[in-house]
Amino acid sequence: MASLAGQAQAKDDDVILIGEINSYKALPANMGPYKKGWELAQEQINAAGGVLGKKLETIFRDDNANAGEAVRIAEELVSREEVDFLTGVTLSHVGLAVADYAKQRKIFFLASGPLSDKVIWQNGNRYTYRMRYGTHQLSASVAPAAAKLNKKRWALIYPNYEYGQAAVEAFKAELKKLQPDVEFVAEQAPPFGKLDAGPVVQALEDAKPDAIFNVLFGPDLTKFAREGKTRGLFKDREVVSLLTGEPEYLDPLRSDAPDGWIVTGYPYTSIDTPEHNAFKKAYEDKYGEYPRLNSVVAYATVKAIAAGIEKAGSTDTEALIKAFKGLEFDSPFGHHHFREIDNQSTFGLHVGRLVNKDGKKGSMPTGEYFDGGDLLPSDDVVKTLRKVD
């Protein structure tokens with residue numbers, strides 16, 4: 001049984017204890033579905049006999065969206081709770097901090113969700129693997145659609161921290177490759193979670209861009225979409241937006257959900273594969289609601305953990321590091337593996353257009369699936385980015 005926080009107690013030899021760190025309070029719309037997806041996978045694995053004859057058990061801890069707090073919690077999980085390894089994290093700056101802790105402490109860390117590619121490249125280390133795709137893959141997935149719009153003047157808006165900065169730089173580079181004459185005429189980079197929508201929207205409008213690239217998410221996205229709609233910023237203007245097609249971010253927009261934006265997201269109603277159908281049914285049967293993308297990410301993370309431990313034959317750090325190199329695993333999105341060159345999984349993503357024809361509720365009805373491995377740079381490029389472990 002999973003525990004939100006536990007008091008130190010003698011470790012059960014029949015249990016594989018997982019230390020999971022995430023921003024439960026700061027990102028409730030993401031983390032509620034995430035925890036449900038995690039517990040569904042863990043329940044299924046344990047019902048089938050567990051891993052190596054042992055049950056999986058998870059201690060969930062909240063990092064308060066703070067890197068220093070996350071490191072303190074990581075040390076507590078390792079030293080006091082004696083977890084077998086660490087996992088989790090959604091925010092990029094927190095992911096980088098925990099990855100560095102794993103390196104210093106020499107403990108295995110499977111990062112489920114931080115989007116900064118520094119986690120696997122510039123700051124990558126042999127102890128850290130990542131499940132979800134990163135900023136390069138996100139930007140590479142939408143750049144071809146952006147180029148096909150044939151819009152010369154682009155404005156950029158993003159949260160001013162690691163994820164936003166990296167996403168914009170990657171998008172610029174990818175779009176320049178496909179459309180060398182493109183111009184970036186305006187940038188707005190409000191502090192994460194502190195968007196003053198009026199002045200920002202007006203500044204973008206004053207730049208008279210042909211199209212907008214948006215990286216805002218969560219409450220900032222809601223404010224931006226509402227104010228932009230009110231001021232006519234999106235009228236007759238194309239928008240390419242990362243993450244906005246994920247139900248976690250799309251649902252809170254309600255009637256303010258845009259129509260026609262090109263987005264990355266999760267078209268859960270139209271993915272018709274055996275793997276996804278089975279996952280969706282089990283999730284809906286258990287929770288009485290549809291899954292979100294973070295439900296899939298968490299579910300896939302637990303499945304990868306089980307596959308890795310099974311292959312390693314133990315939870316020893318060095319055995320896990322060796323086992324995860326090239327590890328194959330299944331998720332609701334299909335079959336994936338972890339790349340040997342940079343410890344990144346090939347978990348993929350969907351790109352499509354938002355629809356809000358009735359002005360009441362937006363949706364991402366369909367989307368093209370991109371294998372995560374196909375969106376990554378060549379091995380030669382990765383070797384220039386990732387330091388020797």
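In this predicted model, the buried residues of helix H2 are covered by elements that include strand S1 (15-22), strand S2 (55-62), strand S3 (85-88) and helix H3 (92-105). The residues of H2 that are buried are Ala-70, Ile-73, Ala-74, Leu-77 and Val-78; seen down the helix axis, they fall within an arc of 130 degrees, and therefore line one face of H2. The 13 residues of this helix (residues 67-79) should span 18 Å at 1.5 Å a residue, a value with which the separation of 18 Å between its end C-alpha atoms agrees. At the start of H2, the backbone nitrogen of Gly-68 has a side-chain oxygen of Asn-66 within 2.9 Å.

Helix H7 (residues 218-231), with 14 residues, reaches 20 Å from its first C-alpha to its last, close to the 20 Å expected at 1.5 Å a residue. Gly-218, Asp-220, Leu-221, Thr-222, Phe-224, Ala-225 and Gly-228 are buried in H7, and the buried residues of this helix pack against strand S6 (153-157), helix H6 (197-206), strand S8 (211-214), strand S9 (238-245) and helix H8 (247-250). Just after H7, a positive phi of about 75 degrees is taken by Gly-232.

His-276 lies in helix H9 (residues 274-287) and counts as buried because its relative accessibility is 0%, where buried denotes a value under 20%. Its side chain is joined to that of Tyr-266 by a polar contact of 2.7 Å. When neighbours within four places in sequence are left aside, His-276 is in contact with Tyr-266, Tyr-268, Ile-271, Pro-332 and Phe-333.

Technical notes
Residues numbered from 1 in each chain as written. Predicted model: local features only at pLDDT ≥ 70, side-chain atom pairs only at ≥ 80, totals over all residues. Heavy atoms only, no water. Helix = DSSP H or I, 4+ residues; strand = E, 2+ residues; numbered from the N terminus. Buried < 20%, exposed > 50% of the residue type's maximum accessible area, 1.4 Å probe, protein only. Polar contact = N/O pair within 3.5 Å; in protein donor to acceptor, adjacent residues only side chain to side chain. Contact = heavy atoms within 4.5 Å. Expected span 1.5 Å × (residues − 1). Arc of directions from axis to C-beta.
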